[in-house]
Amino acid sequence: MAFAETVASALLGVIFDKLANEAFNKYVRSQGIHSELKTLEKNLRQIQALLNDASRKEIKDEAVNQWLIDLQHLAYDIDDVLDDVASEAMHRELNHKSGAVTSNVRKLIPTCCTNFSLTHRLHRKLDGITAELEHLYKAKSDLGLTEKDEKPEIANRRNETSLLESNVIGREVEKEKLLKKLLHDDEPSKENFSIIPIVGMGGVGKTTLARLLYNDTQVKDAFELHAWVCVSDDFDISKISKTIFQHVSEENKEFEDLNKLQVALKDKLKDKRFLLVLDDVWNQNFDEWDKLVRPLSLVAPGSKIIVTTREDHLLKKLGFDHLDHLESLTSKDALSLLAIHALGAYNFDLNPKLRGRGEDIVKKCGCLPLAIKAVGRLLSSKTNGEDWDEVLSNEIWDLESSEEIVPALRLSYHYLSANLKQLFAYCSLFPKDFLFDKENLVLLWMAEGYLNQLTTNKSPEQLGHEYFEKLLSRSFFQHATNHESLFVMHDLMNDLATFVSRDYFLRFEKQMEEVDGSLAKYRHMSFIREEYVGYQKFEAFKRAKSLRTFLAVYVGVDQSWNRFFLSNKILVDVLPELSLLRVLCLSCFEIIEVPEFIGSLKHLRYLNLSQTKIKELPENVGNLYNLETLIIFECKSLTKLPKSFSKLKKLRHLDMRDTLLLKKLPLGIDELRSLHTLTKIIVGGDGDFAISDLKGLKKLHGEISIEGLHKVQSPMNAREASLNLKRLTKLELKWDDGYDQVGTLEKEVLNELKPNSERLKVLSIVSYGGVEFSNWVGDPSFQQLVHVSISGCRKCTSLPPLEKLPSLKELFIQGMDNVKSIGLGLVGTTTVAFPSLEILRFEDMRGWEVWSTSSKDLNVVFPCLRKLHINNCPNLIDVSLKAIPSLRVLEIKGCGDGLLRNLVEAASLVVELDIRSISRLTNEKWRGVMEYLGAVEELYIWECNEIRYLWESEAAASKVLMNLKDLRVFFCNNLMSLGEKEDEEDFGSNILSSLKTLVVWNCNSMVRCWCPNSNNIERLDIFYCNLVTSVYFPTTTRGG
């Protein structure tokens, strides 16, 4: 699989970078080990020269593959030694700055003595490593390895042809859709030709679909000239142009240069309707594409280029903003394809006992055509169920011995660069169906040292995001279906990652005895977080001395009510033995105390203790000089951070979201100039963190919550924070609710806290004590702002003008007691207010009396509003709203009957209505409301104690509640019955015929219940209605 060479090559690059570091070399000279490291580098250079040849031979030559694996493990060891030296150097430097090294006592000790411990330890290690390197180099003769400068050519797909396969299953819908694009000139194009992309992951059938189109009779007749070129990764314009020329001219003519070739091609294509298929395109360079298609400038209108590709970057550059990716086969077609290749039939009719197994196999293949063909061919010689079960029970389907199982995916992997191969392999640590958070994955990659490149000015995070996007564009990742910001990896891709990384990565899912003997070889380990993780399962890991990664993972989305327990013996007996750890994740476990040993993990780069029960971090956390990422979000018991925090000079990301009891930041945190992420900032009093301290943290971006703003003494201090220069996407500004500020200071402070408008997506203002908001709040220049929350701003008398924010989707207003009137204060030519708003919530607005959206200058208000929630606004009476036809969910609690009536009039297409504690809502007023509920499907009524009957009669209710499916009534103390007039004569087959669910709870005055639509009702609940003496289920109709 060519992974051993990839990892060895990538890690050798990291080692050479470290050996070239000037500060590192200065330190090793002082320790007397410079000559040993020079010898080591020389030996590594010799071996590096053999890697290109080794990569050619490792797939077929097991001895070469083992040689590369041995080299990889040795490279890991070398990197650990160098990291040890670098960590010691940093330790000495920090102590020197603090004065520890320059003490008078220290000066009396000879340098040779102070160097002895480190030098003695390293000499023995380096001697052993040098001997192993020399042994590996001497083995080159036996293995036949020679020095080669060029990289080997990667096997490509130039043997792919336009000829159809004998059995093509499915794709009728996709073919028909693309045929319309091929045969009709409906889409405008500035060129005489247009592009038809077929985009999808490897093995999904892009080439097969292109062949279907290319060989279709209608297509053959519609185009005068045809050409099929398998491009692969080598986007050689000369070769591609020559192939096209040979197709259209049927000549094998040679040309002096590209120019003459393209001129000749242009002449051949002139005024001809031309169909070109470019299969398996990997190129992302627009200029190269432009050169390639120049000869097509004079083709006849209606000419087409079909492009099959795994990448979408070039297509986006060509103007394709929305691309439909080719999906896997349907389950039915996939099963038929398996039957063809396994049984030589189109179905399982003659082998019904194998059908269930076949369904499991196609599901395991993700309905991926190429994988199904390979498995089908594997099964073609196996005719009994036991043989099929054996194949099914093999977790990764024995990829090592069955080379053809996922050929397309293996091919996709081969085409990745060394860096991308390494990053993809790392994902083997995560189980199938794992939801990937891109940001966290990049932090893990960075911690493992995969993103350190001295040849670029880009930060490791930027590189990580670029690499992730490349993997995503090539279908190694896919967008998660129900989680907009998360990603998944196809099961077959997960199998592939597991296979290629098997010598270094362990996803610990099985019983210990299966891996016990080979633990020493693993460098990275993950395990599934379970309710109880016991010591016995992990005891053997004390021998995994080389382990760099100890990662707890979870399948699916963590739920807040899940509880996970980790044996304390793992913390105190196992983890202290793993001194080379770079990644430690113990998130979501019920851990109360962090053991002291944590401070001895000097190689640690990533520490995740999020959602644990810890109350504090040990003081020796400051010894983690290499720590880059510390995640402690939602540690709700955490009360303080260690004083030594200022020693974490390499810390880049500190996530402290939702640490409610943490009220103070340690001194010196403003000196951590590498910080990119600092999610929580607590402004303190004299001597504590000041808002102006943010000025030195120039790299901060992303999400920030600033607490304690009532302690800011001067607007100038707020200005020095320079929020307008930081690339923030989420900003929360919090004052103290009980603090009473005099004068205009708070508004002046808010003025100076204006963030950069280019990236901000979420803004929250809490307990602001000013009378009015700053002008920047609601400014339409905040084009990306999608969520605004304003709460507890009790002195403000009006809302900021938020109606002009172009992208605002969700607005939450709470606890603004002094706001009496809300209207629209639009200026300019805008005719649409809140153009993108989908969810609007008002809560605890006790002084609010008037709400109007009427304006002669406005044509539309709330054109996209789907959900409206108004809770505890008892004095809101004067309501004048334009129609809200998009509203589907309406919730009103703790308000008056007039508001309810006005809102259902303005939103007559609501399908879900939830009302609670509506004052003055009598029988008559409720029936007036019902007149507007024709579209309502779900109706929930809580604590409306003035209603005695929901309707006069079931027949009358049926005329207005035509679509009601779910009716639930809770704690309506005076409700006597659903209908005022209830008798057998009123019931018929058309009475509330859509009703499926009826629930009545705690209605203490209810005495009877006539169940309408009793023939179709699916759920009936009557709880704690103690006076109910009869329940009727009429089953006959009048005249029946």
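Glutamate E634 counts as partly exposed, because its relative accessibility is 24%; here buried means under 20% relative accessible area, exposed over 50%, and partly exposed in between, with a 1.4 Å probe and protein chains only. E634 sits in the loop between β15 (629-631) and β16 (653-655). Helices (H or I, at least four residues) and strands (E, at least two) are DSSP runs, numbered from the N terminus.

Please note that this is a predicted model, in which local features need pLDDT of at least 70 and side-chain atom pairs count only at pLDDT 80 or more, while totals for chains, interfaces and linings use all residues. Residues are numbered from 1 along each chain as its sequence is written, and side-chain values use heavy atoms, with hydrogens and water left out.

What is the phi of E634 near? The value is near 60°, which is positive in a residue other than glycine. Most residues other than glycine have a negative phi. F971 also has a positive phi, near 55°. F971 lies in the loop between β35 (966-970) and β36 (977-981), and its 33% relative accessibility makes F971 partly exposed.

I turn now to the sheet. Eight strands form an open sheet in the order β8-β9-β11-β13-β14-β15-β16-β17, with parallel pairing. Its edge strands, β8 (505-508) and β17 (677-678), each pair on one side only. Two strands pair if DSSP finds at least two bridges between them. Within the sheet, β13 (residues 583-585) and β14 (residues 606-608) pair in the parallel sense over three bridges, and V583 stands opposite Y606 in β14.

Next, a pair of helices. Helix α22 (residues 438-447) packs against helix α23 (residues 460-473) at an angle of about 120°, and their axes are 9 Å apart. Axes are lines fitted to C-alpha atoms, for helices over the stretch in contact, and angles run from 0 to 180 degrees between N-to-C directions. Which residues of α22 meet α23? Among them are L441, V442 and W445, and the partners in α23 include H465 and F468. Contact means heavy atoms within 4.5 Å.

Finally, consider A8, which lies in helix α1 (residues 3-19). Is A8 buried or exposed? A8 counts as buried, because its relative accessibility is 0%. Leaving aside neighbours within four places in sequence, A8 is in contact with L71 and Q72. A8 and A75 are 67 residues apart in sequence, yet 6.8 Å apart in space, C-alpha to C-alpha.
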